[in-house]
Amino acid sequence: MAKKITRTMKIMAMGGAASPAKLGQKLGPYGIGAKFCQDFNAKTGDRRDELVPCVLTIYEDKTFEIVLKTSPVTYLLKKATGIETAVAHISKDEVKKIAEYKLPDLNVDSLDAAIRSVEGTAKSMGIIVD
């Protein structure tokens, strides 16, 4: 018999750096804060200094399942250009690297479409693609 799902939520934390202090408000009511952080940190230890989104499914018996996703395009563009709020430039090669990385999570069927999607995000952020 399938387990009954209590809650499904999206959580974003830096790879290998999730802590109950930061996520306590979200996870505390379900009694899985520390265990989630240990599991998340173990799975994302190789992605330190990277923002890692995940889908967390919490079951009635206080067990859970974590599905890791790729980092958001906006985060990757900011990291590639080294900006926070100013206008910046990014090369087509960097855009292609980001598109290849994000391809599994994007709703597109080709690399060219993924590249156009990343370029569109860059444009909306004020980043100029060279």
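## Ser-71 and its loop

Ser-71 sits in the loop that runs between strand β3 (64–68) and helix α3 (73–81); helices (H or I, at least four residues) and strands (E, at least two) are DSSP runs, numbered from the N terminus. This is a predicted model, in which local features need pLDDT of at least 70, side-chain atom pairs count only at pLDDT 80 or more, and totals for chains, interfaces and linings use all residues. Residues are numbered from 1 along each chain as its sequence is written, and side-chain values use heavy atoms, with hydrogens and water left out.

Is Ser-71 buried or exposed? Its relative accessibility is 0%, so Ser-71 counts as buried (buried means under 20% relative accessible area, exposed over 50%, partly exposed in between, with a 1.4 Å probe and protein chains only). The side chain of Ser-71 makes a polar contact of 3.0 Å with the side chain of Glu-50. A polar contact here is a pair of N or O atoms within 3.5 Å; within protein, one must be able to donate a hydrogen and the other to accept it, and residues adjacent in sequence count only if both atoms are side-chain atoms. A polar atom of the Ser-71 side chain also lies 2.5 Å from the backbone oxygen of Leu-51. Setting aside residues up to four places away in sequence, Ser-71 touches Arg-47, Glu-50, Leu-51, Pro-53, Leu-76, Tyr-101 and Lys-102 (contact means heavy atoms within 4.5 Å).

Lys-102 belongs to helix α4 (residues 92–102). A salt bridge is a side-chain nitrogen of Lys or Arg within 4 Å of a carboxyl oxygen of Asp or Glu.

What Lys-102 does have is a polar contact of 2.9 Å between its side chain and that of Thr-70. Beyond its neighbours within four places in sequence, Lys-102 is in contact with Thr-70, Ser-71, Pro-72, Val-73 and Leu-76.

## Three salt bridges

How many salt bridges does the structure hold? There are three. One of them joins Glu-50 and Arg-47, with the closest N and O atoms 3.1 Å apart, and both Glu-50 and Arg-47 are buried.

Glu-119 and Lys-92 also meet through their side chains in a salt bridge (3.1 Å, N to O). Glu-119 is in helix α5 (residues 111–124) and Lys-92 in helix α4, so this pair ties together parts that are 27 residues apart in sequence. Glu-119 is partly exposed, with a relative accessible area of 23%.

Then there is the salt bridge between the side chains of Lys-97 and Glu-94 (3.7 Å, N to O). These two are three residues apart in helix α4, so about one helical turn separates Lys-97 from Glu-94. Lys-97 is exposed, at 51% relative accessible area, whereas Glu-94 is partly exposed at 29%.

## Two nonpolar cores

The largest nonpolar core has 17 residues, and the members that touch the most others are Ile-11, Leu-27, Phe-36, Phe-40 and Leu-56. A nonpolar core is a set of buried Ala, Val, Leu, Ile, Met, Phe, Trp, Tyr and Cys residues joined through side-chain atoms within 4.5 Å. Two or more residues of this core come from each of β1 (5–14), α1 (20–27), α2 (33–43), β2 (51–59) and β3. The largest share, four residues, comes from β2. Apart from this core lies another, of 16 residues, including Tyr-75, Ile-98, Ala-99 and Ala-122.

## Helices α3 and α5

In α3, the buried residues are Val-73, Tyr-75, Leu-76, Leu-77 and Thr-81. Their cover includes β1, β2, β4 (88–90), α4, α5 and β5. After α3 comes Gly-82, with a positive phi near 70°.

In α5, Ala-113, Ala-114, Ile-115, Val-118 and Ala-122 are buried, and what covers the buried residues of α5 includes α3, α4 and β5 (127–129). Just after α5, Gly-126 has a positive phi of about 85°.
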